[in-house]
Amino acid sequence: MKKLWYIRTITFSIFICFAAQTNAAVNDGSPYLLDNKVSCLAEPSLCLSQIDANIPTIKKYSTQWYSLINLKLLAIWEVRNTKKLKEEIHKYVDLNDAPPVFLTTVYTLHAKMLFSDGDVAQGTLYANKSVELIKKVNEVSFDADRSAEIIILYNQLNQYENAIEFITWINKRIARMGPNHYFPKLQTAIAHTYISIADYDLALKHYQYALTGFIETKYLLEAAEGHHNVARALQGKKDYIAAILAFKKALKWMNPALKVGDYTIEAKNYTQLRLIETLQQNRQYLQAKLLLKEINPEYVNKSTLALYQQLKRNQLSH
């Protein structure tokens, strides 16, 4: 891969300052969930409440303010509340002088929202902006989660050769940093690439690494989606029985999170739709029909509505 890029000393200084603040408490009296990204995303709903309580006490556009808003955006994404995220992201997308780490979060999530709305042109614009900025930041200080976002955005742009090339570069860089499951979000992104090119064996391998990591780090919602991802790889391998069991595990993890507001019904419904699809593929039409009745189409995300309609048609033909 071509040599990554040079970044000016001033950007390096801004990043170090911002990163240090993100990994420290906002002040000595701050709730523990604001100590760092890991603790916040482990309990995103509660973390959001703590952020909202602290924001009024912080000077706007200060390093601490950017740190809290960065955590807020990540926590909103964690619970998959796309409506709230769209409303929030528009407040910051034009802050071009913000710290680079903050902008990588904003551009990445904005690109995802645009893609989900079918705005490919604008999504591509912000995806490319995010990729370039993330690469610059990573050249100064490696962050596995930011590397994962590069891979995800390459996939959304259908640039799979670039994704594989970057994965090769990343694998060399992390080879001595510990077991693969230490980087669960990165392993998820790698697996997404392989499932996109129908290499289901490699996808399953990396999804299993990710699931192990999410369980160990107690990222409960990510672990729920980890079971979903493992199921998708098994579904691709046509191992429908194992896939059905994995989807059911995912739903078991999601249901309590849904009750306490740590997850959205739209996100949970997507997993149920994939379970129904797999049941149909395994000719278990009665179970599929009963589960489909439980889903209110008003709570199906726009991006998965076509899947819902296809499953309805399949049901009518059996």
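Modeller: Let's start with handedness: a crossing is left-handed if the near helix is turned anticlockwise from the far one by less than a right angle. Keep in mind that we are looking at a predicted model.

Biologist: Happy to. What is the handedness of the crossing of helix 4 and helix 6?

Modeller: Helix 4 crosses helix 6 in the left-handed sense. Their axes come within 10 Å, at an angle of roughly 25°. Angles under 35 degrees count as roughly parallel, so helix 4 and helix 6 are roughly parallel to each other.

Biologist: Which residues of helix 4 and helix 6 meet?

Modeller: From helix 4, look for Y66, I69, N70, L73, L74 and W77; their partners in helix 6 are V101, F102, T105, V106, L109, K112 and M113. By type, the residues of this contact are 10 nonpolar, two polar and one charged.

Biologist: And at what angle do helix 3 and helix 4 pack?

Modeller: Helix 3, residues 44-54, packs on helix 4, residues 63-78, at about 150°, and the axes are 9 Å apart. That angle makes helix 3 roughly antiparallel to helix 4. This crossing is left-handed too.

Biologist: Stepping back, how many helices and strands does the protein have?

Modeller: There are 16 helices and zero strands. Of the 318 residues, 49% count as buried. The protein exposes about 15,500 Å², with carbon and sulfur atoms supplying 53% of that area.

Note on methods:
Residues numbered from 1 in each chain as written. Predicted model: local features only at pLDDT ≥ 70, side-chain atom pairs only at ≥ 80, totals over all residues. Heavy atoms only, no water. Axes fitted to C-alpha atoms, helices over the stretch in contact; angles between N-to-C directions. Helix = DSSP H or I, 4+ residues; strand = E, 2+ residues; numbered from the N terminus. Parallel < 35°, antiparallel > 145°, perpendicular 65-115°, else oblique. Buried < 20%, exposed > 50% of the residue type's maximum accessible area, 1.4 Å probe, protein only. Areas by Shrake-Rupley, 256 points an atom, 1.4 Å probe, with all protein chains shown as cover. Contact = heavy atoms within 4.5 Å. Nonpolar A, V, L, I, M, F, W, Y, C, P; charged D, E, K, R; others polar.
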